[in-house]
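Work through the exercises below with the sequence and the model at hand. Each task is followed by a solution in steps.

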Amino acid sequence: MTGPETPDPVVLRAPRLLDGTGIPAVPDAALLLSGGRIAYAGPAAGLPEDAAQAPLLDFPGSTLLPGLVDVHVHLVASGGPDLAADVPRTEAERTLAAVVNARRQLEAGVTLVRDLGAPGAEAVLVGRAVEAGTIAGPRVLASGPAVTMTGGHIAYIGRVTDGVDAMRAAVRANLALGAGCIKVVATGGVLTMGIDPREAAYTQPELEALVSEAHRLGLTVAAHAIGEGGVVAALAAGVDSIEHGMFLDESSIELFGSTGARYTPTFSAPHGILGGPSVPGWIKDRARPAADAQVASFQAAIRAGVRVVAGTDAGTPDNPHGGVAREVAFLVEAGLDTLTAVRAATGEAADLLGVADRGVLRSGAAADVLVASGDVAADITALQRPVAVFQDGRRVV
C-alpha cells in the first residue's frame, strides 16, 4: 500500500516560533512547508521568493512549534483507574483502543510517541498503519512487551524473562515482533503488588546481557526504574533512558552524567494516581512515597545537568493520552526552565528516539508542526491550546 499523496506547499505565519532546540523564540516568524518537509523556518522577512506562490495561513497571537513528542505511552491502555483491569483482554480490542488513543495524541499536537509496553505487537501495527496513511495518529516507536522478571511489575503487558540467556532471547523475540526499542523493568512498580518499587528486579549480569544484545541489534533501551539501586544498575548496564527515577542519589546522578542517558520523570503518572477518585487505595499507598520524593530527585538531577525528556506514562490510572503538554508544565513547575522543558518534548525527545528529522523546525526536517494559541515561552500552559497540527506537511487537526 502506498502512503498519502505529497501535500501542496503552504506558508504558516505567527508572531513567534520555537524551533525545538531550546533557543529563544524567533519573532514575526514563518514556515514554508513543501513536499512534506520544511523548506524554510525563520523570520517572515526572510521567506524565499517562491513562498509567494503558496497559500498563506496566518495564526495571530500564536506560537509555531515542532509537533510534540511523548517518549512514554501505553497505547493499548486508556487511563482507567487500574491499569491491569483497563488493558483489554483480546488483541482485537487492544488494537482498537490503540487506534483511538493514537488519534487522541495527534489531536493534542503529538506527532511522535514511544510506546513502552503492550502484550504483543499492537502498538507496532498501529505505527505501521499511521506510516501507511490508513489511520490518523503520531509516528510510533514501539518496544513490544516490556521485559520483566517472574513476579515483577506489569507482566500483563510484558514478557516474563529470567536469566542471562533468556534476556538476550527476549530482545530477539521483541525484534521479531517489529520492536524499534526495548523496555526493561528494572525495579518493582506502584501498579503491581509484590516487589517493592525501590527494589531492583534484575541482577547486573541480566541487565548487561539485555542492553548489550539490544545495542548490538541497533535498539535503544528504556528502563523502568523507581528506586536508587535499580537506577544505578540500569545506568551501569548502559540503558539509554531511565523512566520515572523518583529516588535518585548522588551515584545515580553521576552515572547519568557519565553515560549520557536521558531522564523521563513522568510527573503525570503519580499525579493521575493520587488525584484519581477511583484508583484503588493500595495503588495510591504504593505511589505516595515515590511521589513525595520525586521533585527533590528531579531538582538534583537538573542542577547536575541531566538531560530531561518528556514522557507521560499515558494509559496509566487517570492519565489519558494527549497529556504531554501538561507534562511539560509539570517540568516547569518542578524547576526546569521553560525553553528546556519545551525542548524536552520536542528536539531532545526526538533525538533520544533516533528520529533526527522530527522534533525540530529547520530546513529539511519533516514538516510536523504544532500551532499553539498564545506565547508558549511566556505562558507554558499555552502549549495545551492547540490551534492546528500539521503532520508531514498536511493539516491533520
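**Exercise 1: pocket and cavity**

The second largest pocket has a volume of about 190 Å³. The model is predicted, with local features needing pLDDT of at least 70 and side-chain atom pairs counting only at pLDDT 80 or more, while totals for chains, interfaces and linings use all residues. Residues are numbered from 1 along each chain as its sequence is written, and side-chain values use heavy atoms, with hydrogens and water left out.

Task: state which residues line the second largest pocket, then describe the lining of the largest cavity by class.

Solution. 

Step 1. On a 1 Å grid over the protein atoms alone, a pocket is an open set of points with protein on both sides within 12 Å along at least five of seven lines; a cavity is a set where a 1.4 Å probe fits but cannot get out, and lining residues have an atom within 4 Å of a point. Points are joined across faces, edges and corners, and a volume is the space filled by probe spheres set on them.

Step 2. The second largest pocket is lined by Phe267, Pro270, His271, Leu274, Ala291, Gln294, Val295, Phe330, Glu333 and Ala334. Two or more of its lining residues come from each of α8, α9 and α10; helices (H or I, at least four residues) and strands (E, at least two) are DSSP runs numbered from the N terminus.

Step 3. This pocket lining divides into seven nonpolar, two polar and one charged residue. Here Ala, Val, Leu, Ile, Met, Phe, Trp, Tyr, Cys and Pro count as nonpolar, Asp, Glu, Lys and Arg as charged, and the others, Gly among them, as polar.

Step 4. One cavity of 30 Å³ or more is present. The largest cavity holds about 200 Å³ of space. Val190, Leu191, His244, Ala269 and Asp313 are the closest to its centre among 22 lining residues. By class, that lining has 13 nonpolar, seven polar and two charged residues. Both α8 (268-275) and α9 (281-303) supply at least two residues to the cavity lining.

**Exercise 2: nonpolar cores**

Task: find which residues have the most contacts inside the largest nonpolar core.

Solution. 

Step 1. A nonpolar core is a set of buried Ala, Val, Leu, Ile, Met, Phe, Trp, Tyr and Cys residues joined through side-chain atoms within 4.5 Å. Buried means under 20% relative accessible area, exposed over 50%, and partly exposed in between (1.4 Å probe, protein chains only).

Step 2. The largest core has 75 residues, and Val184, Leu210, Ile242, Phe256, Leu331 and Val376 have the most contacts inside it. Helix α10 (residues 324-333) gives the largest share, six residues.

Step 3. A separate second core of 20 residues includes Val87, Ala118, Ala146 and Ile157.

**Exercise 3: salt bridges**

Solution. 

Step 1. A salt bridge is a side-chain nitrogen of Lys or Arg within 4 Å of a carboxyl oxygen of Asp or Glu. The count comes to 21 salt bridges.

Step 2. Glu243 and Arg114 form a salt bridge at 2.9 Å, N to O. Glu243 lies in strand β13 (residues 241-244) and Arg114 in strand β7 (residues 110-115), 129 residues apart.

Step 3. Glu213 and Arg216 meet at 2.7 Å, N to O. Both lie in helix α5 (residues 204-216), three residues apart, about one turn of the helix.
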